[in-house]
Amino acid sequence: MDSLGGSNLSAFASSDPKTAVMRQIQQEAAVQNARMLMEKLNEHCFERCVPKPGSSLSKGEESCFTACMEKYMTAWNVISRQYVARIQKEASTG
């Protein structure tokens with residue numbers, strides 16, 4: 001397995017090592033962003049919607065948590081799109 005995966009990776013990397021490294025960094029950044037999003041969702045929405053945790057969520061807590069997550073994820077996506085657009089704009093002008 002190691003030699004097969006390594007040969008594929010080295011063949012790809014040898015054709016364009018800069019692109020391979022950039023893709024790896026992008027993938028790692030995406031994973032880190034997703035992890036941060038989940039942590040912030042849990043931290044912000046759970047604390048807001050479940051003031052006294054128990055063995056299950058009430059219908060009101062579920063509704064609050066769902067609405068909070070949807071708003072938070074929408075805001076996260078808007079900010080992410082703006083950030084990417086700004087980076088692309090700076091890269092094209094710089």
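Eight nonpolar, four polar, no charged: that is how the lining residues of the largest pocket divide. Nonpolar here means Ala, Val, Leu, Ile, Met, Phe, Trp, Tyr, Cys and Pro; charged means Asp, Glu, Lys and Arg; the others, Gly among them, are polar. A quick note on the model. It is predicted, so local features need pLDDT of at least 70 and side-chain atom pairs 80 or more, while totals for chains, interfaces and linings use all residues. Numbering starts from 1 along each chain as its sequence is written, and side-chain values use heavy atoms, with hydrogens and water left out.

Back to the pocket. A pocket is an open set of points on a 1 Å grid over the protein atoms alone, where a 1.4 Å probe fits, with protein on both sides within 12 Å along at least five of seven lines; lining residues have an atom within 4 Å of a point. The volume is about 390 Å³, meaning the space filled by probe spheres set on the points, which are joined across faces, edges and corners. The lining includes Ile-25, Asn-33, Trp-76 and Tyr-83. Helix H2 (17-49) and helix H3 (59-93) each supply at least two lining residues. H3 gives the most, with seven.

Now the overall fold. There are three helices and zero strands. Helices are DSSP runs of H or I, at least four residues; strands are runs of E, at least two; numbering is from the N terminus.

How far does H2 reach from its first C-alpha to its last? The answer is 47 Å for 33 residues, close to the 48 Å expected. The expected span is 1.5 Å times one less than the number of residues. H3 has 35 residues and should span 51 Å; its end C-alpha atoms are 51 Å apart, so the two agree.

Next, the inside. Of the 94 residues, 10% count as buried, which is under 20% relative accessible area with a 1.4 Å probe, protein chains only. In H3, the buried ones are Glu-61, Phe-65 and Cys-68. H2 is part of what covers them.

Which residues make up the largest nonpolar core? Leu-37, Leu-41, Cys-45, Cys-49, Val-50, Phe-65 and Cys-68. Such a core is a set of buried Ala, Val, Leu, Ile, Met, Phe, Trp, Tyr and Cys residues joined through side-chain atoms within 4.5 Å. H2 gives the most to this core, with four residues.

Last, Val-50. Not counting residues up to four places away in sequence, Val-50 touches Cys-45, Leu-57 and Glu-61; contact means heavy atoms within 4.5 Å.

Key
Buried < 20%, exposed > 50% of the residue type's maximum accessible area, 1.4 Å probe, protein only.
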